[in-house]
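Please look over the sequence and the fold shown here before reading on. The paragraphs after it walk through a few places in turn.

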Amino acid sequence: MRTPNAIARERVRQRIDAWWAEWLGALDLLTEPELSIPGVCGKWSVHELMAHVDGWDRHALLTVRLRAAGESLDDPQLRGVNRRSAEQHAGLNPAESRAL
């Protein structure tokens with residue numbers, strides 16, 4: 001018998017998987033030049049938005065792992081998510097960014 005927490009976790013995982021499939025499907029509709037056009041989201045291109053989403057996705061995963069271990073992130077780590085993500089994706093083309 002599955003516990004209510006296990007059921008809730010599974011529902012969350014399914015929703016995340018569905019969102020990722022939709023996100024990746026939308027990216028597949030764009031050409032590489034289209035991914036680099038600025039102004040899609042404020043000043044950002046889709047490529048820059050991909051880097052932003054990747055950074056926060058990695059941060060969320062780290063947060064879940066730390067919380068499961070009874071730990072938490074301190075504020076300086078939180079403030080650096082966008083900076084680290086931009087640095088990690090700097091110089092990459094959209095296909096390389098997506099592959100991360």
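The model is predicted: local features need pLDDT of at least 70, side-chain atom pairs count only at pLDDT 80 or more, and totals for chains, interfaces and linings use all residues. Residues are numbered from 1 along each chain as its sequence is written, and side-chain values use heavy atoms, with hydrogens and water left out.

Start with the aromatic rings. A pair of aromatic rings is described by the distance of the centres and the angle of the planes. Here, rings of Phe, Tyr and Trp (its six-membered ring) pair if their centres lie within 6.5 Å; planes under 30 degrees apart count as stacked, over 60 as edge-to-face and the rest as tilted. The structure holds 2 such pairs. In one, the ring centres of Trp19 and Trp20 are 5.1 Å apart and the planes stand at 80°, so this pair is edge-to-face. The pair of Trp19 and Trp23 is stacked, at 5.7 Å centre to centre with 10° between the planes.

Trp19 and Trp23 both sit in helix H1 (residues 4-28), 4 residues apart, about one turn of the helix. Helices are DSSP runs (H or I, at least four residues), as are strands (E, at least two), numbered from the N terminus. An α-helix has 3.6 residues a turn, so residues three or four places apart point the same way.

How exposed are these tryptophans? Buried means under 20% relative accessible area, exposed over 50%, and partly exposed in between (1.4 Å probe, protein chains only). Trp19, at 42%, is partly exposed; Trp20, at 23%, is partly exposed; Trp23, at 17%, is buried.

Next comes Ser45, in the loop between helix H2 (32-35) and H3. Its relative accessible area is 5%, so Ser45 is buried. Leaving aside residues up to four places away in sequence, Ser45 touches Leu35, Ser36, Ile37, Pro38, Gly39 and Val40, where contact means heavy atoms within 4.5 Å.

Arg65 belongs to helix H3 (residues 46-68). With 57% relative accessibility, Arg65 counts as exposed. From C-alpha to C-alpha, Arg65 and Ala18 are 21 Å apart in space, and 47 residues separate them in sequence.

After H5 comes Gly91, with a positive phi near 85°.
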